[in-house]
Amino acid sequence: AILWAYIIGNACGIISTLDVESIQHRQNMDALNFFMKDQLLPNEQQLRLREYFNQMKDINKNEGYKTLVSLMSPTLKGEVSEHRHAWLKTIPYLADCGIKFIVAITHEIDAAVFVPKEQVEWSDTLFSVGRGVASRAGKICLRGSFWGEDFILATDSLKDYRVCLSLTYVELLSIGREDFFALLGQFPDSAEVVRKAIVRMT
């Protein structure tokens, strides 16, 4: 009986550590349930919060992938990053930039989840839909759609200020203007490509 209990205990220990992200997610959900019960939140709000945290699970998983990618060789890192963020290559001036600059951008990309009917305010930021459906300027934005590529311009009056509305739970990927240009200064060849794009757009 002791030997059998020892075997079962070790097997359960191994299984419980196979999916670290799921374990972290369950811990977050337990903490959330305690928080909602302690704060006496209404049932409708509790349902919305649980749904939001369930949607956040993929974002937390992708954050962990960043560390994994950083351990790869430069060549493999470039190939993987280019595949995971193929939408960057659909932006004309980024398509002409070097792969090293694209890889550097992928490490600075942030992600956020917006609930249905939530308005995404304008900011000096490049946005892309990672998951879900949004609407902007009367157009439906699906995965890979982007806007804010005019954030490279120095004159704010030349930029498109129209906001975005999430139609479902939407995961938005983004990088701000300051972070973009801080990276760009390290890649002279890509900086020249972007400079020409600024002249054309202006």
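Student: In this predicted model, which residue in β7 stands opposite Arg136?

Tutor: Strand β4 covers residues 134-136 and strand β7 covers residues 164-166. These two strands run antiparallel and are joined by 3 bridges. The residue in β7 that stands opposite Arg136 is Cys164.

Student: What is the order of the strands in the open sheet of 4 strands, and which are its edge strands?

Tutor: The open sheet has antiparallel pairing and the order β2-β7-β4-β5. An edge strand here pairs on one side only. The edge strands are β2 (119-120) and β5 (139-141).

Student: Is strand β8 largely enclosed by the rest of the structure or largely open, and why?

Tutor: Strand β8 spans residues 170-176. A residue counts as buried when its relative accessible area is under 20%. Because 6 of the 7 residues of β8 are buried, the strand is largely enclosed.

Student: Which residue in β8 is the bridge partner of Val113?

Tutor: Strand β1, residues 110-114, pairs with β8 in the antiparallel sense over 5 bridges. Strand β3, residues 125-131, also pairs with β8 in the antiparallel sense, over 6 bridges. The bridge partner of Arg131 in β8 is Glu171. For Val113, the bridge partner in β8 is likewise Glu171.

Student: Which residues gather in the patch of negative charge on the surface, and is Glu178 buried or exposed?

Tutor: The patch is formed by Glu108, Asp110, Glu178 and Asp179. Of these, Glu178 lies in helix α7, which covers residues 177-184. The cut-off for an exposed residue is over 50% relative accessible area. Glu178 has 72% relative accessibility, so it counts as exposed.

Student: Where is Leu40 placed, and what value is its phi near?

Tutor: Leu40 is found in the loop between α2 (20-38) and α3 (43-70). Its relative accessibility is 73%, and therefore Leu40 counts as exposed. Most residues other than glycine have a negative phi. Leu40, in contrast, has a positive phi, near 55°.

Student: What value is the phi of Lys117 near, and is Lys117 buried or exposed?

Tutor: The loop between β1 and β2 holds Lys117. Lys117 is a residue other than glycine with a positive phi, near 70°. With a relative accessibility of 73%, Lys117 counts as exposed.

Key: Residues numbered from 1 in each chain as written. Predicted model: local features only at pLDDT ≥ 70, side-chain atom pairs only at ≥ 80, totals over all residues. Heavy atoms only, no water. Buried < 20%, exposed > 50% of the residue type's maximum accessible area, 1.4 Å probe, protein only. Pairing = 2+ DSSP bridges. Patch = residues over 30% accessible without salt bridge, like charges linked within 9 Å, V, L, I, M, F, W, Y side chains within 5 Å. Areas by Shrake-Rupley, 256 points an atom, 1.4 Å probe, with all protein chains shown as cover. Salt bridge = Lys/Arg side-chain N within 4 Å of Asp/Glu carboxyl O. Lys, Arg positive; Asp, Glu negative; His and termini not counted. Charge placed at Lys NZ, Arg CZ, Asp CG, Glu CD.
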